[in-house]
Amino acid sequence: MKSKIEKFFQQPWLSDYRTLAVLWGLLALFCIYKIVHGGHPDYDYLIFTHSFDHAWANMPLYPLYEEDTNYFLYGPTFAALIAPFAWMPDWVGQVIWELFITFFLFFTIRISWLTKYQQIFIFWFCIQEVLNCVLDAELNTLVVSGIMLSFLLVEKEKDQWATFFIAMGTMTKLFGIAGLLFFFFSKHKGRFVWTWVVWMVVFAALPMLVFGFDYTCNEYVEWMKALAVKNDHNLLFETKQNISLLGLVRNFSGCTTYSDIWVFAPCALLFFAPMLRTKQYRYIAFRETMLSSALICICILSTSTEAYGYIIAMLGVVIWYTAAPWKRGKWAIALMVFAFVLTSLTSTDIFPKDFRMVIMPRYALKALPVSLIWFVEMWELLTRDYRKVTI
(Lines give C-alpha, C1' and ligand atoms only; values in the text may rest on other atoms or scores of the structure.)
Protein backbone atom coordinates (compact mmCIF):
# COMPACT_ATOMS: atom_id res chain seq x y z
CA MET A 1 0.00 0.00 0.00
CA LYS A 2 2.82 2.41 0.85
CA SER A 3 4.39 1.81 -2.56
CA LYS A 4 1.05 2.59 -4.23
CA ILE A 5 0.80 5.84 -2.26
CA GLU A 6 4.35 6.74 -3.25
CA LYS A 7 3.58 5.99 -6.90
CA PHE A 8 0.46 8.14 -6.74
CA PHE A 9 2.35 11.11 -5.30
CA GLN A 10 5.10 10.69 -7.91
CA GLN A 11 2.78 11.56 -10.78
CA PRO A 12 4.34 14.59 -12.53
CA TRP A 13 1.49 17.03 -11.99
CA LEU A 14 1.27 16.09 -8.31
CA SER A 15 4.97 16.18 -7.52
CA ASP A 16 6.00 19.28 -9.48
CA TYR A 17 7.21 21.86 -6.97
CA ARG A 18 6.18 24.71 -9.28
CA THR A 19 2.61 23.46 -9.36
CA LEU A 20 2.55 23.16 -5.60
CA ALA A 21 4.07 26.62 -5.14
CA VAL A 22 1.34 28.11 -7.33
CA LEU A 23 -1.33 26.20 -5.42
CA TRP A 24 -0.04 27.35 -2.03
CA GLY A 25 0.29 30.89 -3.39
CA LEU A 26 -3.37 30.84 -4.46
CA LEU A 27 -4.30 29.73 -0.96
CA ALA A 28 -2.42 32.70 0.47
CA LEU A 29 -4.08 35.10 -1.96
CA PHE A 30 -7.50 33.84 -0.91
CA CYS A 31 -7.23 36.52 1.77
CA ILE A 32 -7.96 39.12 -0.94
CA TYR A 33 -11.44 37.62 -1.32
CA LYS A 34 -11.90 37.78 2.45
CA ILE A 35 -10.83 41.42 2.58
CA VAL A 36 -13.15 42.40 -0.28
CA HIS A 37 -16.04 40.29 1.01
CA GLY A 38 -15.65 41.48 4.61
CA GLY A 39 -14.84 45.07 3.77
CA HIS A 40 -11.76 45.13 6.01
CA PRO A 41 -8.60 43.12 6.76
CA ASP A 42 -8.87 40.13 9.06
CA TYR A 43 -9.29 41.05 12.73
CA ASP A 44 -6.50 38.68 13.79
CA TYR A 45 -4.11 40.47 11.44
CA LEU A 46 -5.23 43.83 12.82
CA ILE A 47 -4.60 42.60 16.37
CA PHE A 48 -1.01 41.87 15.31
CA THR A 49 -0.36 45.27 13.75
CA HIS A 50 -2.23 47.18 16.45
CA SER A 51 0.08 45.58 19.03
CA PHE A 52 2.93 47.63 17.59
CA ASP A 53 0.80 50.80 17.63
CA HIS A 54 -0.15 50.21 21.26
CA ALA A 55 3.40 49.42 22.33
CA TRP A 56 4.79 52.41 20.42
CA ALA A 57 2.39 54.62 22.37
CA ASN A 58 3.30 52.76 25.61
CA MET A 59 -0.28 51.56 25.96
CA PRO A 60 -0.96 48.20 27.66
CA LEU A 61 -0.77 45.29 25.23
CA TYR A 62 -3.13 42.85 26.89
CA PRO A 63 -6.50 44.55 27.57
CA LEU A 64 -9.38 43.97 25.17
CA TYR A 65 -9.46 46.90 22.74
CA GLU A 66 -12.81 47.52 21.09
CA GLU A 67 -11.32 47.87 17.60
CA ASP A 68 -9.59 44.48 17.89
CA THR A 69 -12.55 42.36 19.12
CA ASN A 70 -10.12 39.91 20.75
CA TYR A 71 -7.09 39.79 23.03
CA PHE A 72 -3.46 40.07 21.98
CA LEU A 73 -1.62 37.17 23.64
CA TYR A 74 1.86 37.18 22.11
CA GLY A 75 5.05 38.47 23.67
CA PRO A 76 6.28 42.09 23.50
CA THR A 77 8.99 40.81 21.16
CA PHE A 78 6.32 40.02 18.59
CA ALA A 79 4.96 43.57 18.85
CA ALA A 80 8.43 44.79 17.80
CA LEU A 81 8.94 42.23 15.04
CA ILE A 82 5.58 43.01 13.40
CA ALA A 83 6.62 46.66 12.90
CA PRO A 84 7.22 46.44 9.09
CA PHE A 85 3.63 45.27 8.58
CA ALA A 86 2.23 47.89 10.96
CA TRP A 87 3.73 50.61 8.76
CA MET A 88 1.96 49.32 5.64
CA PRO A 89 -1.63 50.04 4.57
CA ASP A 90 -3.75 47.35 6.20
CA TRP A 91 -4.91 45.54 3.07
CA VAL A 92 -1.43 45.60 1.49
CA GLY A 93 0.12 44.41 4.71
CA GLN A 94 -2.28 41.50 5.09
CA VAL A 95 -1.69 40.24 1.55
CA ILE A 96 2.08 40.35 2.09
CA TRP A 97 1.67 38.75 5.54
CA GLU A 98 -0.39 35.88 4.12
CA LEU A 99 2.17 35.24 1.37
CA PHE A 100 4.96 35.40 3.96
CA ILE A 101 3.45 32.95 6.46
CA THR A 102 2.56 30.52 3.66
CA PHE A 103 5.79 30.56 1.68
CA PHE A 104 8.05 30.60 4.72
CA LEU A 105 6.68 27.14 5.56
CA PHE A 106 6.80 26.07 1.91
CA PHE A 107 10.48 26.93 1.55
CA THR A 108 11.33 25.55 4.99
CA ILE A 109 10.01 22.19 3.83
CA ARG A 110 11.84 22.52 0.51
CA ILE A 111 15.27 23.13 2.10
CA SER A 112 14.75 20.58 4.86
CA TRP A 113 16.31 17.16 5.23
CA LEU A 114 13.02 15.52 4.19
CA THR A 115 12.98 13.37 1.08
CA LYS A 116 10.97 14.43 -1.96
CA TYR A 117 8.36 11.81 -1.13
CA GLN A 118 7.98 13.25 2.38
CA GLN A 119 7.81 16.82 1.09
CA ILE A 120 5.15 16.09 -1.52
CA PHE A 121 3.14 14.16 1.05
CA ILE A 122 3.23 17.18 3.39
CA PHE A 123 2.32 19.66 0.66
CA TRP A 124 -0.87 17.74 -0.15
CA PHE A 125 -1.80 16.24 3.21
CA CYS A 126 -1.52 19.54 5.11
CA ILE A 127 -3.08 21.78 2.48
CA GLN A 128 -6.39 22.27 4.33
CA GLU A 129 -4.57 23.22 7.52
CA VAL A 130 -2.54 25.79 5.59
CA LEU A 131 -5.78 27.25 4.29
CA ASN A 132 -7.14 27.40 7.85
CA CYS A 133 -4.12 29.50 8.85
CA VAL A 134 -4.65 31.77 5.85
CA LEU A 135 -8.32 32.26 6.70
CA ASP A 136 -7.38 33.56 10.16
CA ALA A 137 -4.05 35.20 9.20
CA GLU A 138 -2.44 33.10 11.94
CA LEU A 139 1.29 32.57 12.42
CA ASN A 140 1.22 28.85 13.26
CA THR A 141 2.95 28.15 9.94
CA LEU A 142 5.82 30.32 11.23
CA VAL A 143 5.84 28.44 14.55
CA VAL A 144 6.22 25.04 12.90
CA SER A 145 8.75 26.46 10.42
CA GLY A 146 10.91 27.75 13.25
CA ILE A 147 10.88 24.38 15.04
CA MET A 148 11.73 22.52 11.84
CA LEU A 149 14.54 24.94 11.04
CA SER A 150 16.00 24.52 14.51
CA PHE A 151 15.98 20.73 14.03
CA LEU A 152 17.57 21.07 10.58
CA LEU A 153 20.31 23.37 11.86
CA VAL A 154 21.15 21.05 14.76
CA GLU A 155 21.44 18.24 12.21
CA LYS A 156 23.84 20.44 10.20
CA GLU A 157 25.78 21.23 13.42
CA LYS A 158 24.91 24.94 13.18
CA ASP A 159 23.61 25.15 16.72
CA GLN A 160 24.14 28.91 16.98
CA TRP A 161 21.46 29.43 14.33
CA ALA A 162 19.21 26.65 15.60
CA THR A 163 18.99 28.44 18.95
CA PHE A 164 18.18 31.68 17.11
CA PHE A 165 14.87 30.20 15.95
CA ILE A 166 14.22 28.52 19.31
CA ALA A 167 14.68 31.80 21.19
CA MET A 168 12.63 33.84 18.72
CA GLY A 169 9.78 31.32 18.88
CA THR A 170 9.88 31.26 22.67
CA MET A 171 9.75 35.03 23.01
CA THR A 172 6.85 35.41 20.59
CA LYS A 173 4.43 32.52 21.25
CA LEU A 174 6.25 30.22 23.75
CA PHE A 175 5.70 27.17 21.51
CA GLY A 176 9.19 27.61 20.10
CA ILE A 177 10.59 26.36 23.39
CA ALA A 178 9.84 22.84 22.11
CA GLY A 179 13.05 23.17 20.09
CA LEU A 180 15.07 22.73 23.29
CA LEU A 181 14.39 19.02 22.85
CA PHE A 182 17.02 19.01 20.12
CA PHE A 183 19.70 19.75 22.72
CA PHE A 184 19.85 15.99 23.29
CA PHE A 185 20.73 15.44 19.62
CA SER A 186 23.32 18.21 19.43
CA LYS A 187 26.98 17.32 18.97
CA HIS A 188 27.95 20.70 20.43
CA LYS A 189 25.91 20.93 23.62
CA GLY A 190 28.03 23.69 25.14
CA ARG A 191 27.57 25.88 22.07
CA PHE A 192 23.86 25.07 22.04
CA VAL A 193 23.40 26.28 25.63
CA TRP A 194 25.39 29.49 25.53
CA THR A 195 24.06 30.62 22.15
CA TRP A 196 20.50 29.95 23.30
CA VAL A 197 21.10 32.14 26.36
CA VAL A 198 22.58 34.89 24.16
CA TRP A 199 19.67 34.81 21.70
CA MET A 200 17.13 34.80 24.55
CA VAL A 201 18.75 37.97 25.91
CA VAL A 202 18.78 39.54 22.43
CA PHE A 203 15.09 38.85 21.75
CA ALA A 204 14.05 39.84 25.28
CA ALA A 205 15.93 43.14 24.92
CA LEU A 206 14.71 43.92 21.39
CA PRO A 207 11.37 45.48 22.45
CA MET A 208 13.20 47.40 25.20
CA LEU A 209 15.22 49.18 22.53
CA VAL A 210 12.04 50.07 20.63
CA PHE A 211 9.48 50.72 23.35
CA GLY A 212 11.53 51.46 26.47
CA PHE A 213 12.94 49.39 29.34
CA ASP A 214 10.36 49.96 32.09
CA TYR A 215 7.38 49.60 29.76
CA THR A 216 8.67 46.34 28.25
CA CYS A 217 9.51 44.77 31.62
CA ASN A 218 6.00 45.53 32.84
CA GLU A 219 4.47 44.04 29.67
CA TYR A 220 6.42 40.81 30.14
CA VAL A 221 4.79 40.48 33.57
CA GLU A 222 1.38 41.30 32.09
CA TRP A 223 1.94 38.73 29.34
CA MET A 224 2.36 35.95 31.91
CA LYS A 225 -0.76 37.12 33.74
CA ALA A 226 -2.75 37.22 30.50
CA LEU A 227 -1.70 33.67 29.61
CA ALA A 228 -2.71 32.45 33.08
CA VAL A 229 -6.14 34.08 32.74
CA LYS A 230 -6.55 32.62 29.26
CA ASN A 231 -5.67 29.15 30.54
CA ASP A 232 -8.38 29.39 33.20
CA HIS A 233 -10.89 30.56 30.59
CA ASN A 234 -9.97 27.69 28.27
CA LEU A 235 -11.17 25.20 30.89
CA LEU A 236 -14.74 26.40 30.40
CA PHE A 237 -16.91 24.41 28.03
CA GLU A 238 -18.18 27.40 26.05
CA THR A 239 -14.77 28.27 24.67
CA LYS A 240 -13.73 27.21 21.16
CA GLN A 241 -10.18 26.75 22.33
CA ASN A 242 -8.60 23.86 24.21
CA ILE A 243 -8.98 21.73 21.08
CA SER A 244 -6.53 19.28 22.56
CA LEU A 245 -6.25 15.95 24.32
CA LEU A 246 -6.73 17.88 27.56
CA GLY A 247 -9.92 19.42 26.19
CA LEU A 248 -11.08 16.09 24.77
CA VAL A 249 -10.86 14.41 28.18
CA ARG A 250 -12.41 17.37 29.99
CA ASN A 251 -15.30 17.81 27.55
CA PHE A 252 -16.20 14.13 27.41
CA SER A 253 -16.01 13.85 31.21
CA GLY A 254 -18.12 16.98 31.64
CA CYS A 255 -16.04 17.89 34.70
CA THR A 256 -14.31 21.26 35.25
CA THR A 257 -13.11 20.74 38.82
CA TYR A 258 -10.11 18.43 38.33
CA SER A 259 -6.63 19.64 37.44
CA ASP A 260 -5.21 19.03 33.96
CA ILE A 261 -2.00 17.90 35.64
CA TRP A 262 -3.58 14.45 35.99
CA VAL A 263 -3.56 14.14 32.20
CA PHE A 264 -0.61 16.38 31.38
CA ALA A 265 1.95 14.85 33.77
CA PRO A 266 1.65 11.21 32.59
CA CYS A 267 1.76 12.38 28.96
CA ALA A 268 4.83 14.53 29.65
CA LEU A 269 6.60 11.56 31.26
CA LEU A 270 5.62 9.40 28.31
CA PHE A 271 6.95 12.06 25.91
CA PHE A 272 10.40 12.13 27.55
CA ALA A 273 10.65 8.37 28.18
CA PRO A 274 12.08 7.54 24.70
CA MET A 275 14.99 9.91 25.38
CA LEU A 276 16.35 7.21 27.70
CA ARG A 277 17.06 5.12 24.58
CA THR A 278 20.30 6.95 23.90
CA LYS A 279 21.59 4.28 21.50
CA GLN A 280 18.74 5.19 19.14
CA TYR A 281 19.92 8.81 18.87
CA ARG A 282 22.28 7.84 16.04
CA TYR A 283 19.39 7.03 13.71
CA ILE A 284 17.80 9.91 11.80
CA ALA A 285 14.43 8.10 11.81
CA PHE A 286 14.39 8.16 15.62
CA ARG A 287 15.31 11.84 15.74
CA GLU A 288 12.67 12.69 13.12
CA THR A 289 10.04 10.80 15.08
CA MET A 290 10.92 12.68 18.26
CA LEU A 291 10.48 15.89 16.26
CA SER A 292 7.10 14.59 15.14
CA SER A 293 6.15 13.81 18.74
CA ALA A 294 7.10 17.34 19.81
CA LEU A 295 5.00 18.91 17.05
CA ILE A 296 1.97 16.82 17.97
CA CYS A 297 2.39 17.51 21.70
CA ILE A 298 2.37 21.26 21.10
CA CYS A 299 -1.27 20.86 20.06
CA ILE A 300 -2.62 18.01 22.14
CA LEU A 301 -1.07 19.07 25.47
CA SER A 302 -1.93 22.78 25.38
CA THR A 303 -5.20 24.29 26.57
CA SER A 304 -4.57 27.21 24.19
CA THR A 305 -4.79 25.09 21.04
CA GLU A 306 -7.30 26.36 18.51
CA ALA A 307 -8.52 24.64 15.37
CA TYR A 308 -6.16 26.50 13.05
CA GLY A 309 -3.16 25.46 15.14
CA TYR A 310 -3.32 21.95 13.72
CA ILE A 311 -0.95 22.71 10.86
CA ILE A 312 1.70 22.02 13.52
CA ALA A 313 0.30 18.63 14.56
CA MET A 314 -0.59 17.47 11.06
CA LEU A 315 2.91 18.11 9.82
CA GLY A 316 4.07 15.99 12.76
CA VAL A 317 1.63 13.27 11.71
CA VAL A 318 3.14 13.09 8.20
CA ILE A 319 6.67 12.92 9.61
CA TRP A 320 5.60 10.09 11.94
CA TYR A 321 4.16 8.09 9.04
CA THR A 322 7.02 8.64 6.59
CA ALA A 323 10.03 8.55 8.92
CA ALA A 324 9.65 4.93 10.01
CA PRO A 325 12.35 2.70 8.50
CA TRP A 326 9.89 -0.20 8.38
CA LYS A 327 6.91 -0.79 6.10
CA ARG A 328 3.74 0.81 7.38
CA GLY A 329 0.77 -1.50 7.80
CA LYS A 330 -2.95 -1.10 7.24
CA TRP A 331 -3.57 0.26 10.75
CA ALA A 332 -1.14 3.13 10.18
CA ILE A 333 -2.82 3.95 6.86
CA ALA A 334 -6.23 3.84 8.55
CA LEU A 335 -5.02 6.28 11.21
CA MET A 336 -3.74 8.65 8.52
CA VAL A 337 -7.09 8.55 6.72
CA PHE A 338 -8.90 9.08 10.02
CA ALA A 339 -6.70 12.12 10.77
CA PHE A 340 -7.18 13.60 7.32
CA VAL A 341 -10.96 13.22 7.48
CA LEU A 342 -11.73 14.14 11.09
CA THR A 343 -8.93 16.63 11.77
CA SER A 344 -8.71 18.40 8.41
CA LEU A 345 -11.83 17.85 6.30
CA THR A 346 -14.27 18.61 9.12
CA SER A 347 -13.39 22.29 8.74
CA THR A 348 -14.84 22.21 5.21
CA ASP A 349 -18.41 22.21 3.88
CA ILE A 350 -18.19 18.46 3.26
CA PHE A 351 -19.58 18.06 6.77
CA PRO A 352 -22.88 19.55 8.05
CA LYS A 353 -22.58 22.97 9.65
CA ASP A 354 -23.91 21.83 13.03
CA PHE A 355 -21.30 19.08 13.18
CA ARG A 356 -18.48 21.46 12.16
CA MET A 357 -19.47 24.43 14.28
CA VAL A 358 -21.04 22.80 17.35
CA ILE A 359 -20.16 19.15 17.90
CA MET A 360 -16.51 19.28 16.75
CA PRO A 361 -15.44 22.16 19.05
CA ARG A 362 -17.78 21.09 21.85
CA TYR A 363 -15.97 17.76 22.24
CA ALA A 364 -12.55 18.79 20.84
CA LEU A 365 -12.88 15.97 18.29
CA LYS A 366 -10.24 17.50 16.03
CA ALA A 367 -7.69 16.28 18.58
CA LEU A 368 -8.89 12.66 18.62
CA PRO A 369 -7.08 11.16 15.57
CA VAL A 370 -3.88 13.07 16.28
CA SER A 371 -3.91 11.92 19.92
CA LEU A 372 -4.38 8.29 18.88
CA ILE A 373 -1.47 8.60 16.46
CA TRP A 374 0.69 10.11 19.20
CA PHE A 375 0.05 7.17 21.55
CA VAL A 376 0.95 4.74 18.75
CA GLU A 377 4.04 6.82 18.02
CA MET A 378 5.13 6.70 21.67
CA TRP A 379 4.77 2.92 21.73
CA GLU A 380 6.97 2.72 18.63
CA LEU A 381 9.56 5.10 20.08
CA LEU A 382 9.76 2.98 23.21
CA THR A 383 9.89 -0.42 21.53
CA ARG A 384 11.01 -0.29 17.88
CA ASP A 385 14.50 -0.22 16.41
CA TYR A 386 14.94 2.79 14.11
CA ARG A 387 17.98 1.39 12.35
CA LYS A 388 17.57 1.75 8.59
CA VAL A 389 16.50 -1.57 7.11
CA THR A 390 18.42 -2.60 3.99
CA ILE A 391 16.86 -5.11 1.62
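A pocket, on a 1 Å grid over the protein atoms alone, is an open set of points where a 1.4 Å probe fits, with protein on both sides within 12 Å along at least five of seven lines, and its lining residues have an atom within 4 Å of a point. Grid points are joined across faces, edges and corners, and a volume is the space filled by probe spheres set on the points.

All views show a predicted model, in which local features need pLDDT of at least 70 and side-chain atom pairs count only at pLDDT 80 or more, whereas totals for chains, interfaces and linings use all residues. Residues are numbered from 1 along each chain as its sequence is written, and side-chain values use heavy atoms, with hydrogens and water left out.

**View 1. The second largest pocket.** This pocket holds about 700 Å³ of space. Of its 18 lining residues, Asp-136, Ala-307, Tyr-308, Ser-347 and Met-357 are the closest to its centre. Helices (DSSP runs of H or I, at least four residues, numbered from the N terminus) take part in the lining: α9 (127-135) and α19 (353-363) each supply at least two residues, and α19 gives the most, with 4. The lining comprises 7 nonpolar, 5 polar and 6 charged residues; here Ala, Val, Leu, Ile, Met, Phe, Trp, Tyr, Cys and Pro count as nonpolar, Asp, Glu, Lys and Arg as charged, and the others, Gly among them, as polar.

**View 2. The largest pocket.** The volume of the largest pocket is about 1,400 Å³. Its lining has 50 residues, and Lys-173, Phe-175, Lys-230, Ser-302 and Ser-304 lie nearest its centre. Helix α13 provides the largest share of this lining, 8 residues. By class, the lining has 29 nonpolar, 13 polar and 8 charged residues.

**View 3. The largest nonpolar core.** A nonpolar core is a set of buried Ala, Val, Leu, Ile, Met, Phe, Trp, Tyr and Cys residues joined through side-chain atoms within 4.5 Å; buried means under 20% relative accessible area (1.4 Å probe, protein chains only). The largest such core has 122 residues, and Trp-97, Ile-312 and Leu-315 have the most contacts inside it. Helix α17 (residues 310-323) gives the most to this core, with 12 residues.

**View 4. The surroundings of Gln-118.** Gln-118 belongs to helix α8 (residues 116-125) and counts as buried because its relative accessibility is 5%. A polar atom of its side chain lies 3.0 Å from the backbone nitrogen of Thr-115. Beyond its neighbours within four places in sequence, Gln-118 is in contact (heavy atoms within 4.5 Å) with Glu-288, Val-318, Thr-322 and Ala-323.

Methods
Buried < 20%, exposed > 50% of the residue type's maximum accessible area, 1.4 Å probe, protein only. Polar contact = N/O pair within 3.5 Å; in protein donor to acceptor, adjacent residues only side chain to side chain.
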